[in-house]
Amino acid sequence: LNMKFQSHTNIEVMKGLSFGRFSLGFAIRLMNFMRNELLKQNPPLEKTIIQMPTVKELIQKGETDLAKDLIKYGGHECIARRLNLRFDEKEAKRDAIARARMEVSETLEPNERRKRYGDHYLR
């Protein structure tokens, strides 16, 4: 979502507000993934509640790019709220911890990162 024109809005309350980085393409890919998962149910659309998939679920289903983008654009809870989806509060807490670790690890040198977090944080 291109927010560079947000200061040109006619709504006084919205002037100067930023909702952070976001990609409409990511949101469409995520919603398509969720739709396809609902259609795979037997019978289709058996569940009446649409819930935000977790990072773990996305990775298990082979959607690693969606999982990375979910973290990139704010995490489980943030994306669920933006798209008005139900979300798992426990997953939101785990996601916040993982995001904090990623942010700290990005500021560290590779050897320090390896000491603190192991090889799986070396991306």
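Biologist: Where is Pro-43 found?

Modeller: Keep in mind that this is a predicted model. The cis peptide bond that joins Asn-42 and Pro-43 has an omega of about 0°. As for its place in the chain, Pro-43 sits in the loop between α1 and α2.

Biologist: Which residue other than glycine has a positive phi, and is Asn-84 buried or exposed?

Modeller: Most residues other than glycine have a negative phi. Here Asn-84 has a phi near 60°, and Asn-84 is in the loop between α4 and α5 (89–107). Its relative accessibility is 73%, and over 50% counts as exposed, so the answer for Asn-84 is exposed.

Biologist: How many helices and strands does the chain have?

Modeller: Reading from the N terminus, the elements go α-α-α-α-α-α. That makes the tally six helices and zero strands.

Biologist: What does Leu-70 touch, leaving out residues up to four places away in sequence?

Modeller: Leu-70 is one of the residues with the most contacts inside the largest core. Beyond those sequence neighbours, Leu-70 touches Phe-26, Met-52, Pro-53, Val-55, Leu-58, Gly-75, His-76 and Ile-79.

Biologist: Which residues is Thr-54 in contact with, again leaving aside neighbours within four places in sequence?

Modeller: Thr-54 is in the loop between α1 and α2. At 9% relative accessibility, Thr-54 counts as buried. With those neighbours set aside, its contacts are His-76 and Glu-91.

Biologist: On to the aromatics: what kind of pair do the rings of Phe-22 and Tyr-73 make?

Modeller: The structure holds three aromatic pairs. For Phe-22 and Tyr-73, the ring centres are 6.1 Å apart and the planes stand at 65°. Planes over 60 degrees apart get their own label, so this pair is edge-to-face.

Biologist: How far apart in sequence are the parts that the pair of Phe-22 and Tyr-73 ties together?

Modeller: Phe-22 is buried at a relative accessible area of 12%, and Tyr-73 is buried with 12%. Phe-22 lies in the segment before α1 and Tyr-73 in the loop between α3 and α4, so the parts they tie together are apart in sequence by 51 residues.

Biologist: And what about the rings of Phe-26 and Tyr-73?

Modeller: Phe-26 is buried, at 0% relative accessibility. Phe-26 lies in helix α1 and Tyr-73 in the loop between α3 and α4, so their pair ties together parts 47 residues apart in sequence. Ring pairs link Phe-22, Phe-26 and Tyr-73 into a cluster. The rings of Phe-26 and Tyr-73 have centres 5.4 Å apart and planes at 35°, so this pair is tilted.

Biologist: What separates the C-alpha atoms of Gly-74 and Phe-22?

Modeller: Gly-74 is in the loop between α3 (64–72) and α4 (76–82). With 24% relative accessibility, Gly-74 counts as partly exposed. Gly-74 and Phe-22 are 52 residues apart along the chain, and their C-alpha atoms are separated by 8.3 Å.

Technical notes: Residues numbered from 1 in each chain as written. Predicted model: local features only at pLDDT ≥ 70, side-chain atom pairs only at ≥ 80, totals over all residues. Heavy atoms only, no water. Helix = DSSP H or I, 4+ residues; strand = E, 2+ residues; numbered from the N terminus. Buried < 20%, exposed > 50% of the residue type's maximum accessible area, 1.4 Å probe, protein only. Core = buried A, V, L, I, M, F, W, Y, C linked by side-chain atoms within 4.5 Å. Contact = heavy atoms within 4.5 Å. Phe/Tyr/Trp six-rings, centres within 6.5 Å; stacked < 30°, edge-to-face > 60°.
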